[in-house]
Amino acid sequence: MLFLKLLQQLVKALNSDGTPGQVAAGVALGAVFGLTPLMNLHNLVLFGCALIFNLSLPGVFLGWTLAVPLGFALDPLFDAVGTALLQAPALRGLWTTLYNVPVVPFTNFNNSVVLGSFVVWVVLVLPIFFLARRGVAKYREHVYERLRKMRFFQALTASGWYSTYKSLTGWKL
Amino acid sequence: MKIFRWKAVIPLGLFVLLVVLFWTLYVDRLIRLGIEAGGTAAVGAKVDLRSARLHLFQGSLVLRGLAVTNPREPMTNLFEVDELNFDLSVRALLEKKFVAETVAVRGLRFNTARTASGALPPKKAATAPGGGPSVASGVDDWSHKVKLPTIDLGGLGKAVNVARVSPDSLHTIVLARGLAARGDSLQGSLGRRVAAADPRPVVDSAGALVARLGNANLRTLGIAGARDAANAIRTTLTAVKGARDRLTSLQHDATAQVDSLRQQVAALDRARADDYAYARRMVQIPSLDPKDIAAALFGPAALQRLVPTLLWTRLADRHLATGTAPQQKAGPKRARMAGTTFAFPKLHRWPTFLVEFAEGSFDLGGRTTMAGAYLGRLTGATTEPAVYGKPLTFLARRSGAVAGPESIAVAGSLDHTGAVPRDSVTADLAGVRLPAVDLGIGNARMDLRTGTVDVALARNGDAVRGRWLVRSDSVGWIRSGDTAAAAAAPLGSSAWLDGLVWRAVSSMRNVEVEASISGSLASPSVDVSSNVGGQVANALRQAISAEVSRVEGQVKARVDSLLAQQVGAARGKLAALDTGPLKSLTDDQGQLNDVEAQLQQKLRGLTGGLPGIRLP
């Protein structure tokens with residue numbers, strides 16, 4: 001079932017009427033929700049951005065879905081990166097200032113996993129964007145036409161959940 | 001292409017509304033759960049809270065029905081509060097910090113009974129939040145390890161089995177063996193260094209030069225010959241001086257090492273005294289020292305009163321951060337890895353938790369010494385004292401006693417603002433009804449009636465010093481059990497001892513008991529003294545001193561015989577160092593001095609003893 005949902009997510013993102021750039025931006029932004037621990041203020045702000053800015057929401061959900069297992073797997077790396085940054089003598093002044101500024105502490109930037117995963121996401125956001133944009137463009141150019149003739153694909157896109165979603169968002173194949 | 005998706009504003013607004021709704025509905029519940037979880041982790045026993053109500057815009061938090069279980073008595077609350085009213089700093093809350101400018105406390109009660117046990121499951125209770133042993137179990141371990149003497153007269157009048165004193169259990173033997181080994185090693189190393197610094201070649205060469213010059217002088221050698229001879233003497237003198245400097249340095253070093261060993265050998269006598277005491281315990285000879293007897297009579301009661309003070313001092317230690325360096329703790333529990341959460345305190349900013357001023361009235365229930373109504377005040381309670389920069393102070397004064405003209409004042413200060421924590425607590429109780437104390441022997445119970453209690457505890461870094469002093473001049477004695485059996489009981493029997501103790505103490509009206517702790521906070525030593533101990537000691541001495549002296553003599557002889565060989569060996573090694581390397585060094589120095597004097601004399605002879613003449 002989960003696999004089917006992921007597949008639907010993938011299909012919707014790749015075939016929505018957003019440009020490859022919008023889909024790629026959605027994937028890049030959505031990755032943050034999967035890579036960093038979810039219940040933090042920065043994710044709330046970025047979720048607001050995902051809604052307000054005209055980027056592909058299916059792309060956001062696709063990026064999120066794909067990044068969740070990656071986030072769990074890379075937690076030890078995030079922890080190491082975050083710990084190194086939080087213990088760096090050169091950055092101590094910055095952390096001390098941020099820690100004593102209103103609202104900022106609610107981002108939990110002072111947790112090693114939160115900071116490490118966020119920094120890794122910042123580093124990866126542009127590569128993810130460009131890779132996703134190229135991938136979506138290639139897909140639409142070469143794969144999509146062949147896929148839409150397949151019965152499985154037609155069945156998938158004809159599911160009730162997908163139809164509801166399509167009617168709400170206005171996206172189409 | 002549009003940058004903004006304006007139609008998403010409504011869903012976003014709805015989302016924000018949902019968040020606000022969630023906050024409104026659940027924030028009080030979250031606060032309650034947070035306080036219960038945090039408090040439970042800090043205390044090591046259940047903390048219950050009936051309700052919490054946060055008024056964010058007014059900056060007020062009201063907690064109702066707070067009950068903190070005593071970790072040592074899970075069916076009792078350490079304290080219970082009907083209502084706590086916090087006046088909060090909203091700006092500090094925005095920094096994720098809890099700063100209460102004032103706190104009003106209503107209905108604070110101590111030692112109240114619980115309807116359900118507040119003990120934690122064994123897994124949770126076994127370890128403290130930091131992963132180390134819990135503070136309570138650490139203090140318990142210490143109190144169980146404190147060795148309190150007992151009055152056991154079972155061995156009197158019987159043959160003493162001195163063979164029970166085993167050589168392996170005597171500390172002096174271990175020390176003496178170590179000293180002998182160190183003496184051996186020192187003799188070897190010093191011997192090698194003395195041999196390496198042997199001045200004999202220099203002495204021989206100088207002696208040969210002196211012999212060669214014989215009675216030569218300026219006339220017999222001529223100017224050139226005298227000049228050469230003087231140069232040879234000067235060169236040899238330089239060599240002699242170098243050799244002497246080396247020997248002097250070696251002698252200083254050797255003397256220091258041998259002196260250190262000498263001091264340790266002298267310390268064997270103190271160790272021997274400890275071994276005598278140990279051996280006496282092994283063969284159950286009762287101590288007639290008033291201090292030992294006082295410790296046997298009142299030690300358990302004193303420990304019972306000292307343990308809570310230590311417990312609170314260590315709890316404060318665990319939860320108060322020192323300095324302003326970043327602190328680390330485990331991150332929040334979640335499906336993802338918890339990681340490490342760092343705190344970056346800053347001087348002159350708010351600490352993570354602070355109660356600037358709290359005041360309230362409270363009651364201590366029951367009819368005990370402390371029962372009554374109190375007024376209390378507390379300032380500067382914070383988790384980061386160095387950031388706040390002021391010590392925590394507290395003061396409690398009884399405003400109304402349950403009965404009698406009683407006065408109680410408790411005051412204290414916990415200064416963890418610097419690198420070295422300094423805590424002090426004093427309590428003065430005057431004219432209070434004191435509890436009765438079981439002596440443990442003599443079937444005697446001491447009713448202290450009305451008296452005074454002084455408690456003082458001072459802690460400076462790792463060193464702690466404390467005193468618990470009880471005085472009463474109206475003591476009553478209660479005896480229970482069979483009193484007739486004592487008269488006919490054999491010497492040393494339990495009944496005989498009961499009778500003796502009762503006769504010794506039952507006429508006493510003035511009693512003073514003092515328990516003190518000193519030493520390191522982790523494992524302080526306990527000392528108990530009392531005039532009751534002196535009275536019982538005198539009675540015992542009169543009754544059994546001859547018997548005790550006889551047995552003590554046997555035990556000392558046994559210990560001396562066991563120690564003789566090892567202590568003798570250690571002393572022998574020391575003597576060997578004195579007569580070996582140290583004596584060699586002194587002899588060598590003497591030879592160098594002699595030969596130097598001869599060379600100086602020859603040099604003067606060459607110049608004819610005329611001052612101011614120097615050969616070219």
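**Notes on a predicted two-chain model**

1. How many helices and strands does chain B have? The count is 14 helices and 18 strands. Chain B has 616 residues, and buried residues make up 32% of them. When the contacts in chain B with a separation of 6 or more are considered, 70% of them are accounted for by residues 24 or more positions apart.

2. Chain A contains eight helices and zero strands, so that, in the cited order from the N terminus on, its elements run α-α-α-α-α-α-α-α. Of its 173 residues, 36% count as buried. Among the contacts in chain A with a separation of 6 or more, residues 24 or more positions apart account for 85%.4. Within chain A, helix H2 (residues 20-35) and helix H4 (residues 57-87) pack at an angle of about 35°, and their axes are 6 Å apart. The crossing in which H2(A) passes H4(A) is right-handed. When the residues of this contact are sorted by class, 19 are nonpolar, seven are polar and no charged residue is found.

3. H4(A) also deserves attention for its shape. A straight helix of 31 residues would span 45 Å at 1.5 Å a residue, whereas H4(A) spans only 37 Å between its end C-alpha atoms. Where does the kink in H4(A) lie? The kink, of about 60°, lies at A:Leu74, shortly before the proline A:Pro76.

4. The contact between the chains takes 26 residues from chain A and 24 residues from chain B. On the side of chain A that touches chain B, helix H3 (41-52), H4, helix H5 (92-99) and helix H6 (112-147) each supply at least two residues. Of the elements of chain A, H4(A) gives the most to that side, with eight residues. By class, the side of chain A that touches chain B has 14 nonpolar, ten polar and two charged residues.

5. With 49 residues, a straight helix would reach 72 Å at 1.5 Å a residue, but the end C-alpha atoms of H7(B) are only 59 Å apart. A kink of about 85° is present in H7(B), and it is centred on B:Ala224.

6. Several residues of H7(B) are buried, among them B:Ala226, B:Ala229, B:Ile233, B:Thr236, B:Val240, B:Ala243 and B:Leu247. An α-helix has 3.6 residues a turn, so residues three or four places apart point the same way. Which helices of chain B do the buried residues of H7(B) pack against? They pack against helix H5 (171-196), helix H6 (200-213), helix H8 (268-282), helix H13 (531-579) and helix H14 (581-606) of chain B.

7. Is B:Pro385 buried or exposed? B:Pro385 is buried, because 25 other C-beta atoms lie within 10 Å of its own. This proline lies in helix H10 (residues 385-388) of chain B. If its neighbours within four places in sequence are left aside, B:Pro385 is in contact with B:Leu320, B:Pro391, B:Leu392, B:His416 and B:Thr417. B:Pro385 and B:Leu414 are 29 residues apart in sequence, and from C-alpha to C-alpha they are 9.1 Å apart in space.

8. Two residues of chain B may be looked at for their backbone angles. B:Asn111, which lies in strand S4 (residues 98-113) of chain B, has a positive phi of about 55° although it is not a glycine. B:Asn111 counts as partly exposed, because it has 17 C-beta neighbours inside 10 Å.

9. B:His348 is found in the loop between strand S6 (340-343) and strand S7 (353-364) of chain B. Its phi is near 65°, which is a positive value in a residue other than glycine. B:His348 counts as exposed, because it has 8 C-beta neighbours inside 10 Å.

Terms used. Residues numbered from 1 in each chain as written. Chains lettered and ligands numbered in written order. Predicted model: local features only at pLDDT ≥ 70, side-chain atom pairs only at ≥ 80, totals over all residues. Axes fitted to C-alpha atoms, helices over the stretch in contact; angles between N-to-C directions. Helix = DSSP H or I, 4+ residues; strand = E, 2+ residues; numbered from the N terminus. Left-handed = near helix turned anticlockwise from the far one by under 90°. Nonpolar A, V, L, I, M, F, W, Y, C, P; charged D, E, K, R; others polar. Contact = placed C-beta atoms within 7 Å. Buried ≥ 20, exposed ≤ 12 C-beta atoms within 10 Å, placed from the backbone. Expected span 1.5 Å × (residues − 1). Bend = angle between axes of the 7 residues up to and from the residue.
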